[in-house]
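Dear colleague,

Please find below the structure that I am handing over to you. My notes on its ligand site, cavities and pockets follow it.

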Amino acid sequence: MKTDTILLNQSLSLPNGTVLKNRLAKASMSETLGTYDNRPTPALVELYKRWASSGLGLIITGNVMIDRRALGEPGNVVIEDERDLPTLQKWAKAATDHGAAIWAQLNHPGKQSTKGLNESNLAPSAVPFREDMAAFFETPREATEAEIKDIISRFGHSAAVCKKAGFSGVEIHGAHGYLVNQFLSPHHNRREDAWGGTPEKRRRFVMEVYSEIRRQVGAEFPVGIKLNSADFQQGGFTEEESLDSIRALVEAGIDLIEISGGTYEAPAMSGAMHKPKKASTVAREAYFLEFAEKVRSTVQVPLMVTGGFRSATGMNEALSSGSLDLVGLARLLAIDPDAATLLLQGRDSAQRVRPITTGIKAVDRMGIMEVLWYTRQLKRIGKGGNPVPSEGGLAAFLKSALGSGWGTYRTRRLRARS
Ligand SMILES: Cc1cc2nc3c(=O)[nH]c(=O)nc-3n(C[C@H](O)[C@H](O)[C@H](O)COP(=O)(O)O)c2cc1C
């Protein structure tokens, strides 16, 4: 289908003067294309070249970890120092050579890391996982004050290395149940000290992470954050607290807010909790538009919305409604890395994002299953090939689970030797 008004093609100026060439952004997808000792590889350069050459305006990397003791998955890239500057420079250049901005997404997983990968997992409080997930994820220990301060300074330092490597900006991963989100959530954060107990205190961690990054990268370098509209979990972070956090971050000077939602325990980010009854909501595709409208009527800040966008018409209509400035796309770009070329002409990709299932209920209930399937597509593109959108869910899951087990073993071996 072809649409006539192509708002996607308009450039976007951020308040700090940064100009994005259009409104189409690749949202973060963890590639796990790093080595098992967590260094960036040429496959990342290849993958990002492919995306950037399709015409995307902004490309946000898969989550990059700020501490090698706290990985989310085997094969995550870790940025703690300048040891990988030459490859990081090539990675950034793969995008900027095509006029795309590339922002590194910085993350600490907190408790959301599968059993056995890290020596131990910390979180704001020692809250166990949902019962059916406890076999895969261990109950974390409560972080000490010194550990919290160390993590904050690591976020800042990793951002400074990204800037030096030529990345155009950074994004804090404050969504999807990882550490920043854990601090914000009354379910995960049961602390009664300076880091929890009231919404303001739960917010303190994200505010300090932001200020430390800003201190280390300066006023001109774009810093954004991906935040949950809500956790979709009983006792979790609510829309009201999310709006208050956005207000506080905007006041502090954040350059972009990306809206998403959910956690591993309640995977709203992939649409699992999106069951709209009204036909008008179905037609609007994206999962978090209503919340974006609330943000719009609360504060003035560049807004990106990610989750559910599929068609050029859906994207252009969302932009013309004025409720967002940037359209974030993830899964579609894993099965069609060139989709932006068509979308920017008002045409749809021939590929359709479809539910990926294994047929095993306990596995399909977890958002992580889909992530594994999509990661396999990213690996194919990183090797210079094409995705295989017809790949079955079960076979992919079994291969990924084996690969992940091997990756965990290798990561631990390499860590023990270093
Ligand atoms: C393979 C895969 C990896 C992902 N990794 C990340 C990540 O590292 N950081 C993040 O913020 N979101 C991550 N996401 C979530 C996406 O950014 C996005 O929020 C979600 O897929 C919904 O957008 P979509 O409907 O366009 O796919 C990932 C999604 C997939 C499929």
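**Cavity and ligand site**

The lining of the largest cavity is made up of 12 nonpolar, 14 polar and 5 charged residues. In this classification Ala, Val, Leu, Ile, Met, Phe, Trp, Tyr, Cys and Pro count as nonpolar, Asp, Glu, Lys and Arg as charged, and the others, Gly among them, as polar. Please note that this is a predicted model, in which local features need pLDDT of at least 70 and side-chain atom pairs count only at pLDDT 80 or more, while totals for chains, interfaces and linings use all residues. Residues are numbered from 1 along each chain as its sequence is written, and side-chain values use heavy atoms, with hydrogens and water left out.

The search was run on a 1 Å grid over the protein atoms alone: a cavity is a set of points where a 1.4 Å probe fits but cannot get out, a pocket is an open set with protein on both sides within 12 Å along at least five of seven lines, and lining residues have an atom within 4 Å of a point. Grid points are joined across faces, edges and corners, and a volume is the space filled by probe spheres set on the points. This rule gives 4 cavities of 30 Å³ or more.

The largest cavity holds about 590 Å³ of space. Its lining comprises 31 residues, with Ser28, Met29, His176, Met269 and Val371 nearest the centre. Helix 13 contributes the most to this lining, 7 residues; helices (H or I, at least four residues) and strands (E, at least two) are DSSP runs numbered from the N terminus.

A ligand nitrogen atom lies 2.8 Å from a polar backbone atom of Ser30. Ligand oxygen atoms are found 2.8 Å from an N or O atom in the side chain of Lys226 and 3.0 Å from an N or O atom in the side chain of Arg310. Of the 610 Å² that the ligand exposes when taken alone, the protein buries 96% (Shrake-Rupley method, 1.4 Å probe).

**Pockets**

The largest pocket contains about 840 Å³ of space. It is lined by 33 residues, and Leu372, Ser400, Ala401, Gly403 and Ser404 lie nearest its centre. Helix 14 gives the most to this lining, with 8 residues. By class, the lining has 15 nonpolar, 11 polar and 7 charged residues.

The second largest pocket has a volume of about 400 Å³. Among its 19 lining residues, Ser270, Gly271, Ala272, Arg331 and Glu370 lie nearest the centre, and helix 13 provides the largest share, 3 residues. The classes here are 7 nonpolar, 6 polar and 6 charged.

With kind regards

Notes: A polar contact is a pair of N or O atoms within 3.5 Å; within protein, one must be able to donate a hydrogen and the other to accept it, and residues adjacent in sequence count only if both atoms are side-chain atoms.
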